[in-house]
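This report examines selected local features of a protein structure. Please consult the sequence and the model while reading.

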Amino acid sequence: MSDVLTPVLTDIWDAEQSWKLATYAARGGYDALDVAFAMSPDDVITAVKDSGLRGRGGAGFPTGMKWSFIPQDNPKPKYLVVNADESEPGTCKDIPLMMGNPHVLVEGVILSSYAIRANKAFIYIRGEVVHVIRRVQAAVAEAYAAGHLGTGLNGKGIHDSGYNLDIVVHAGAGAYICGEETALLEGLEGRRGQPRLRPPFPAVAGLYASPTVINNVESIASVPAIVKNGAAWFGSMGTEKSKGHGIFSLSGHVQKPGQYEAPLGITLRELLDLAGGVREGHQLKFWTPGGSSTPLLTAEHLDVPLDFEGVGAAGSMLGTRALQIFDETVCVVRAVLRWTEFYKHESCGKCTPCREGTWWLVQALTRLENGQGSEADLDQLLDQCDNILGRSFCALGDGATSPVSSSVQHFREEYLAHLAHGGCPFDPARSTAWSGTEVSA
Amino acid sequence: MSTPPLEDKTIAELREIAARYPEPRSGLLPMLHLVQSAQGRITPEGIEACAAILEISAAEVNGVATFYTMYKRHGVGDFHVGVCTNTLCAVMGGDAIFERLKDHLEIGNDEVAVQRQGDSRTVSLEHIECNAACDYAPVVMVNWEFMDNQTPDSAVQMVEALRAGHEVRSTRGPRLCTWREAERVLAGFPDGRVDEGPSAGPASLAGLEIARQRGWTAPEPGATPAVEAKESDA
């Protein structure tokens, strides 16, 4: 039984200049390279498969299996692309990870690229985080200088292994849709970030139509410890089908919002205990388990194990472990309207259900928030969701319906109260971070 | 705002960006960041220059430049202030901050405030989507650096300090540089500020501090073999 919190990726964050190679190396950083180079690439894939690591970007696809889909008989170059386009509302784990521990990502990129036999890797970071980009740029530069990248110090490959790798740090330019892996590839090819039809999947025809693995930052950053400590070590944390450690991000109306790295399967009740509970004098009303695209949950779900299976069984998704906590001062209709405006803004326009559907959702929700219309509009809202979910080109449209349909499911009465009240019955000033101080003043 | 012409040095740097990639067109996003750094916005001249280097049409470059929200057709201030108004930050006070700044600066969304007599710098204002700092809500970004845990008052003080030309630091990062200087970093040309600012802000360390207090750690690696020795390992 592992401890309640298990800092692995976050363990170095409180060190002085934790982003420097010297700090990282003093703690055994880059030691995993020699372990891996003593193994065949296939054995590295097997180790990651055996660990049970599943994608930390939200979907939870087994990482080692994804790597094994790369057709090694394809003569084209193979590519690794790190999805560092963290933009899902509520999600805030990869950004502090790259700020505080960029070298674990670089080491993970080297190991993962070696496993899939890529000699070129890309880290696609959203553009809106300049200091994070500085830290990753510098970490890559330090790794080159130390012989962990390029052709190594002696021109005989990294650590004289005969294996070469180049990394390009690439800044995006503001587009939530580029978190979708094929839209990200479009952006990386210098095009508008619109998703591609699949199949072919990126493993077969990805970047430049070559075999490509796209993984989330935290997934790749988890690889060095797996290679160094073994699959069984990783699997000793977490639950049967959701193994290992993950960063849980608590935000909103909690006493101590922040990052909590724990084995998968921890519950919100346990996390809230650590975080000092919901803000003083208030109660939990609703929360997202993994960003705004995962259906809302309520206080009745406090004991749901936060792993892929547990949250799925509760009718939502683990997603990115972005736990946004809202107390009873928050109007759920306002919250959902705002998320829906986001999806409408970020819809890439490629497919009609999402482009038009998110626009209609905003119209309907705006009327409801203003207390206009009738109960029949609620059914129409759900109808609109039906016409988007499963009919959109990519997961953005599907995700847009999650807060809408789940909020109607859990808070139908609150929508009706807007109609009865002729407007929003909530005072937004009561939800602000400073509301307590103003009331008592 | 006058637009400086593209210098030969910038054209050379645009070529340098394209050369980082197996296929030059992959450089287009960072190249457009460099155009903004050099000229303060996406200009027709910058579009033509990218198109010529990449051997694609200006219309194709235009199509990309209009898709991504960080590319600006009109100028922004020396300091571009982005207030997160996605749900969580909005609820925590982002809406109030945005309203207050619009009122204070007497501008609407995506506009540049008038440079008053005595202002040494300009600011512009935009509401932005989730910027991955929700544990520091409500969040304001200035030139894409974090200004965590803001209030309407702190935001007003900050923009006034910026307009007056005072040095302002990110709450979780370096001294703020201008928008055009930040765009140059995004184009892949580091500015030497990487070692400023902390490893992590207070909220980032919330869980780690509890783990340290209670002696919680990840399992000891020794309990399991370093690497699963497979029979295939010769």
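Is F69(A) buried, partly exposed or exposed? The model considered here is predicted. In this model F69(A) has a relative accessibility of 44%. Because a residue counts as buried under 20% and as exposed over 50%, F69(A) is classed as partly exposed.

## A nonpolar surface patch

F69(A) belongs to a nonpolar patch on the surface, which it forms with F61(A) and M65(A). Together, these residues have about 280 Å² of accessible area. Within chain A, F69(A) is placed in the loop between α4 (63–68) and β1 (78–84).

## Backbone geometry

Most residues other than glycine have a negative phi, and most peptide bonds are trans.

Q17(A), which is not a glycine, has a positive phi near 45°. Q17(A) is located in the segment before α1 (21–26) of chain A, and its relative accessible area of 31% makes it partly exposed. H159(A) is likewise not a glycine, and its phi is positive at about 55°. This residue, H159(A), lies in the loop between α7 (130–145) and β3 (166–171) of chain A; with a relative accessibility of 27%, H159(A) is also partly exposed.

Two cis peptide bonds may be described next. In chain A, P199(A) and P200(A) are joined by a cis bond with omega of about 5°. P200(A) is found in the loop between α8 (181–188) and α9 (202–205) of chain A. In chain B, the bond from A137(B) to P138(B) is cis, and its omega is near -5°. P138(B) sits in the loop between β3 (123–128) and β4 (140–142) of chain B.

Rolling a probe the size of a water molecule over the atoms shows where empty space is left. Across the whole structure, five cavities of 30 Å³ or more are found. The largest cavity holds about 80 Å³ of space. It is lined by 14 residues, of which S347(A), C348(A), C351(A), C354(A) and C394(A) are the closest to its centre. Helices α16 (352–369) and α18 (395–421) of chain A each give two or more residues to this lining. By type, the lining of the largest cavity comprises eight nonpolar, four polar and two charged residues.

The second largest cavity contains about 40 Å³ of space. Its lining includes P89(A), G90(A) and Q324(A) from chain A, and C84(B), N86(B) and C130(B) from chain B. Helix α5 (residues 87–105) of chain B supplies the largest share of this lining, three residues. The lining of the second largest cavity has six nonpolar residues, four polar residues and no charged ones.

Definitions and conventions. Residues numbered from 1 in each chain as written. Chains lettered and ligands numbered in written order. Predicted model: local features only at pLDDT ≥ 70, side-chain atom pairs only at ≥ 80, totals over all residues. Heavy atoms only, no water. Patch = residues over 30% accessible without salt bridge, like charges linked within 9 Å, V, L, I, M, F, W, Y side chains within 5 Å. Areas by Shrake-Rupley, 256 points an atom, 1.4 Å probe, with all protein chains shown as cover. Salt bridge = Lys/Arg side-chain N within 4 Å of Asp/Glu carboxyl O. Helix = DSSP H or I, 4+ residues; strand = E, 2+ residues; numbered from the N terminus. Buried < 20%, exposed > 50% of the residue type's maximum accessible area, 1.4 Å probe, protein only. 1 Å grid on protein atoms, 1.4 Å probe; cavity = no way out; pocket = protein on both sides within 12 Å on 5 of 7 lines; lining within 4 Å. Points joined across faces, edges and corners; volume = space filled by probe spheres on them. Nonpolar A, V, L, I, M, F, W, Y, C, P; charged D, E, K, R; others polar.
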